[in-house]
Amino acid sequence: MNAIIIEDEELSANRLGKLVTEHTSIKVFGTFYSVKTALKWLKENETPDLLFLDIQLGDGTGFDILNELSSYPKVVFTTAFDKYVLDAFKYNSVDYLLKPVKAEDLIAAVEKLKKVHAQSDISAAVDSLRDHIKTGFKKKFLIKIGHKFHSIPVDEITYFYSQASTTYLKTLKGDSLITDHSLDELQTMLNPEDFFRINRHMMVCDKYINSIDSYFNNRLILALRPEFDEQVIVSREKVKAFKEWLDR
């Protein structure tokens, strides 16, 4: 069996590739960090037997890739979000791995998929999962300020960040407001064409990036609008996907 890995976090992709090599007989043809680069390869090459596919990518979703294929290969979805572990997995034709991926879970998923032969089963499972995942993106956030609630349009939010286990949004006016959602949850709620998770503590909107400069250790440093009171660093494992997100 051969496969490709589609994952926008370089460290997660490298870890998964290492586990696949060490614990299975699967040959990995390549690793891709965005919808754009994965589709380019898939259009130029024969579809592999198996996709290790991240559901949420920097420039779209795994379903954006599947939508472009004439037929589905076997699929193992990778995700950090339990909310994606849905009824579609009652089928025996797709499986999922929760990040960080464990060797025993990988082995079990591969063994399960070795028994899958019917293309109709794969299609039904993928379609079921797609139907269960909310496709609409959040347009407003209800934020409590003092004793009152205010509705903040996403178009007026420039970035999100976390500090001391609290998540904040920054408005165009420069206000920092507490939101009840974690950054992991926000990744599933916001349009990936507009917002990108640059590190563990921050998501940025491309419209409000004033400048991008090289930074040591193969990272990038950003200047945002409104200005953030700390250095804004794109982590090394995110740099490649971040560049592809901006170049989409």
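How many cavities of 30 Å³ or more does the count come to?

1. The count comes to one cavity of 30 Å³ or more, where a cavity is a set of points, on a 1 Å grid over the protein atoms alone, at which a 1.4 Å probe fits but cannot get out. This is a predicted model, in which local features need pLDDT of at least 70 and side-chain atom pairs count only at pLDDT 80 or more, while totals for chains, interfaces and linings use all residues. Residues are numbered from 1 along each chain as its sequence is written, and side-chain values use heavy atoms, with hydrogens and water left out.

2. The largest cavity has a volume of about 100 Å³, a volume being the space filled by probe spheres set on the grid points. Its lining residues, which have an atom within 4 Å of a point, include Asp-8, Gln-56, Phe-195 and Lys-238. Strand β13 (195-199) and strand β4 (56-57) each give two or more residues to this lining, and the largest share, three residues, comes from β13.

3. Lys-170, which lies in strand β11 (residues 166-171), is buried yet has no salt bridge. Buried means under 20% relative accessible area, with a 1.4 Å probe and protein chains only, and a salt bridge is a side-chain nitrogen of Lys or Arg within 4 Å of a carboxyl oxygen of Asp or Glu. The nearest side chain of opposite charge, that of Asp-229, is 6.6 Å away.

4. Glu-7 sits in the loop between β1 (2-6) and α1 (10-23), and is buried as well, with a relative accessible area of 3%.

Terms used. On a 1 Å grid over the protein atoms alone, a cavity is a set of points where a 1.4 Å probe fits but cannot get out, and a pocket is an open set with protein on both sides within 12 Å along at least five of seven lines; lining residues have an atom within 4 Å of a point. Helices (H or I, at least four residues) and strands (E, at least two) are DSSP runs, numbered from the N terminus. Buried means under 20% relative accessible area, exposed over 50%, partly exposed in between (1.4 Å probe, protein chains only). Lys and Arg count as positive and Asp and Glu as negative; His and the chain ends are not counted.
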